[in-house]
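Dear colleague,

I am handing over the structure to you below, and after it you will find an account of what turned up when I went through it. Please read the account with the structure open beside it.

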Amino acid sequence: MELGIVILNYNTRDLLRDCLGSLQETRGVEIDVTVVDNASRDESVAMLRAEFPNTRVIASETNGGYAYGNNLALREFLARPNPPRALMLLNTDTVVPPDALRLLIEFLDAHPDAGVVGPKLLLRDGSLDLACRRSFPTPEISFYRMLGLSKLFPKSKRFGRYNLTYLDENETAQVDSVVGAAMLMRTEALQQAGLLDETFFMYGEDLDLALRIKQKAWNAYYYPRAEIMHYKRESSKQSKKAQIEFYRAMYIFYEKHYRATTPFYLDWVVMSGIALKGGLALAPEIFRAREWKGANR
């Protein structure tokens, strides 16, 4: 088996149907798809069993979040005597053209240093999904983003690093990370780095995994010859919980990877910025942790 695909679903039955339908047209690469349902209430599992009887389904009784759900399937793939040589995280709100996965696998084969490869993700209007190629959110890069400098100067190599907006979207590039909406990983790299960190509920876990893979001496690439449609749901943008979880993920990532080596003055700026953006629901959690850390430095 060449490619194992993990699709996590939560109340996105119709999007899931379209995604799986597109995967059935895949050519040039052998795929094995597992759908994990995170306790959906929209009859997603019933639809799967009726319309895609050959697709493996893991029906979780609880919604443990993005990392938790994906890990259920990743563990099963890795536990096989002969796991696929590559594994891919794929969102339900994607539509995959017939040759996209073949192109990604061919790129992986041609670049033995590649631990992660991501396609060019296109939004509904045909524009680039900026999240599909990213730098790690170091304190400096996060600071520029919080100040709005990344939007004011998108072509700047200094200020445009968050989404690498200074790069040509049609050129292959080595990057820090791609996005979990369509993230292909060499199985060997994933085995070395470990699974997704379930401390994250949603957002940030893909960046964290990409960083851990890079720490194992693998590289990540953005490969625009492979294109996938990403029909992002607007509902998550309006969800207060999703907004809080975005900034909670930012806090967890910073705490895990950068805080110990960040000067106090910059730490104060970053933590205050996250608390301000995350709102009142997140500020107490952050500042309690900050006070505790300060007492133990």
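Y203 counts as partly exposed, because its relative accessibility is 29%, and this residue sits in the loop between helix 7 and helix 8 (205-215). Although Y203 is not a glycine, its phi is positive, at about 80°. Please keep in mind, here and below, that this is a predicted model.

A217 is another residue with a positive phi that is not a glycine, in this case with a value of about 75°. A217 belongs to the loop between helix 8 and strand 9, and with a relative accessibility of 67% it counts as exposed, because exposed means over 50%. A positive phi is also found at G148, which comes just after helix 5 and has a value of about 85°. In helix 5 itself, which covers residues 139-146, the buried residues are P139, I141, S142 and Y144.

The aromatic rings come next. How many aromatic pairs does a search of the whole structure find? The search finds 8 of them. F246 counts as partly exposed, with a relative accessibility of 27%. There is also a cluster, in which ring pairs link F143, Y144, F153 and F159; Y144 is one of the buried residues of helix 5 mentioned above.

Two arginines are placed over aromatic rings. R145 lies over the face of Y162, at 4.0 Å from the ring centre, and R133 lies over the face of Y222, where the distance to the ring centre is 5.3 Å.

The second largest pocket holds about 200 Å³ of space. Its lining is made up of L20, L23, Q24, I31, D32, V33, E51, F52, P53, N54 and T55, and by class these are 6 nonpolar, 3 polar and 2 charged residues. Which elements each supply at least two residues of this lining? They are helix 1 (13-23) and strand 2 (31-38), and strand 2 gives the most, with 3 residues.

Is T187 buried or exposed? At 4% relative accessibility T187 counts as buried, because buried means under 20%, and its place is in helix 7 (residues 187-193). A polar atom of the T187 side chain lies 2.5 Å from the backbone oxygen of P84.

A181 is buried as well, with a relative accessible area of 4%, and its place is in the loop between strand 7 (173-175) and strand 8 (182-186). From A181 to L74 the C-alpha distance is 15 Å in space, while in sequence the two residues are 107 residues apart.

Y251, finally, has its place in helix 10 (residues 240-257), and it counts as buried at 9% relative accessibility. The C-alpha atoms of Y251 and S177 are separated by 18 Å, and these residues are 74 residues apart along the chain.

With best wishes

Definitions and conventions:
Residues numbered from 1 in each chain as written. Predicted model: local features only at pLDDT ≥ 70, side-chain atom pairs only at ≥ 80, totals over all residues. Heavy atoms only, no water. 1 Å grid on protein atoms, 1.4 Å probe; cavity = no way out; pocket = protein on both sides within 12 Å on 5 of 7 lines; lining within 4 Å. Points joined across faces, edges and corners; volume = space filled by probe spheres on them. Helix = DSSP H or I, 4+ residues; strand = E, 2+ residues; numbered from the N terminus. Nonpolar A, V, L, I, M, F, W, Y, C, P; charged D, E, K, R; others polar. Phe/Tyr/Trp six-rings, centres within 6.5 Å; stacked < 30°, edge-to-face > 60°. Buried < 20%, exposed > 50% of the residue type's maximum accessible area, 1.4 Å probe, protein only. Lys NZ or Arg CZ within 6 Å of the ring centre and 35° of its normal. Polar contact = N/O pair within 3.5 Å; in protein donor to acceptor, adjacent residues only side chain to side chain.
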